[in-house]
Amino acid sequence: MKTAIYPGSFDPITNGHLDIIHRSLHLFDKLIVAIGDNPKKRPLFTIAERKAFIEESTRKLPVTVDVFHGLLADYCAQKKCFIIVRGLRAVSHFEYEFQMALMNRQLQPQLETVLFMTDKEYFYLSSTLVKDLAKNGASVDGLVPRIVAKHLRHKFV
Ligand code: ADP
């Protein structure tokens, strides 16, 4: 059984994240979606809300949702799982992912990061963009799972 860890903020999960989850399950048997608890990012949704949205959107998949505090490299060691999945959107994004992958490997030499290219449909899609759209009354249908669209509408009424 090959398991990988997909870490991120997921504030909230989007169809871009889901695309990466589906792609990675072609390579791995199981995925742990790990929400990084980083209050400095001033998230819109609580950890519990983000966890519930991911669980609801991945109900039929071999996915478990977890939360980690502190360094991702430490969390991976604790889970004894040394494959990190990340998604690549724009080219500008590559440098950041590259830096993170090298830093994680420095901290934990067994760690490998696998980057999945997004679908062209989700190239522009991010949690930040979705929140901006919702805040300004635009529809987010088709960009996020239905449960997220519903809660975004409630947040900004
Ligand atoms: P972080 O704050 O750790 O970047 P995010 O939730 O923003 O957390 O992203 C988690 C991972 O999902 C990152 O690797 C990011 O590149 C990827 N991701 C986010 N949106 C998309 C998308 N539209 N297409 C592909 N990957 C994405």
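## Residue classes and basis of the model

In this report Ala, Val, Leu, Ile, Met, Phe, Trp, Tyr, Cys and Pro count as nonpolar, Asp, Glu, Lys and Arg as charged, and the others, Gly among them, as polar. On that basis, the shell around the ligand has six nonpolar, seven polar and four charged residues.

The model is predicted: local features need pLDDT of at least 70 and side-chain atom pairs count only at pLDDT 80 or more, while totals for chains, interfaces and linings use all residues. Residues are numbered from 1 along each chain as its sequence is written, and side-chain values use heavy atoms, with hydrogens and water left out.

## The ligand and its shell

The ligand is surrounded by 17 residues, the closest being Tyr6, Ser9, Lys41, Gly87 and His93; a residue is near a molecule if one of its heavy atoms lies within 4 Å of it. The side chain of lysine 41 places an N or O atom 2.5 Å from an oxygen atom of the ligand. A backbone N or O atom of phenylalanine 10 lies 2.9 Å from a ligand oxygen atom, and a backbone N or O atom of tyrosine 122 is 3.0 Å from a nitrogen atom of the ligand.

Taken alone, the ligand exposes 550 Å², of which the protein buries 91%; accessible areas come from the Shrake-Rupley method with a 1.4 Å probe. Two or more residues of the shell come from each of β1 (3-8), α1 (15-24) and β4 (83-88). These elements are DSSP runs numbered from the N terminus, with helices (H or I) of at least four residues and strands (E) of at least two.

## The largest pocket

On a 1 Å grid over the protein atoms alone, a pocket is an open set of points with protein on both sides within 12 Å along at least five of seven lines, whereas a cavity is a set where a 1.4 Å probe fits but cannot get out; lining residues have an atom within 4 Å of a point.

The volume of the largest pocket is about 1,100 Å³, taken as the space filled by probe spheres set on the points, which are joined across faces, edges and corners. Its lining has 40 residues, of which Gly8, Ser9, Lys41, Arg86 and Tyr96 lie nearest the centre. The elements giving two or more residues to this lining are β1, α1, α3 (72-79), β4, α4 and α5 (127-135). Helix α4 provides the largest share, six residues. By class, the pocket lining has 16 nonpolar, 16 polar and eight charged residues.

## The cavity

One cavity of 30 Å³ or more is found in the whole structure, and the largest cavity has a volume of about 40 Å³. Leu72, Ile84, Arg86, Glu97, Met100, Ala101, Asn104 and Thr113 line the largest cavity. Both β4 and α4 (94-107) give two or more residues to this lining, with the largest share, four residues, coming from α4.

## The loop between β1 and α1

Phenylalanine 10 is placed in the loop between β1 and α1 and has a positive phi of about 50 degrees although it is not a glycine. Most residues other than glycine have a negative phi, and most peptide bonds are trans.

Terms used: A polar contact is a pair of N or O atoms within 3.5 Å; within protein, one must be able to donate a hydrogen and the other to accept it, and residues adjacent in sequence count only if both atoms are side-chain atoms.
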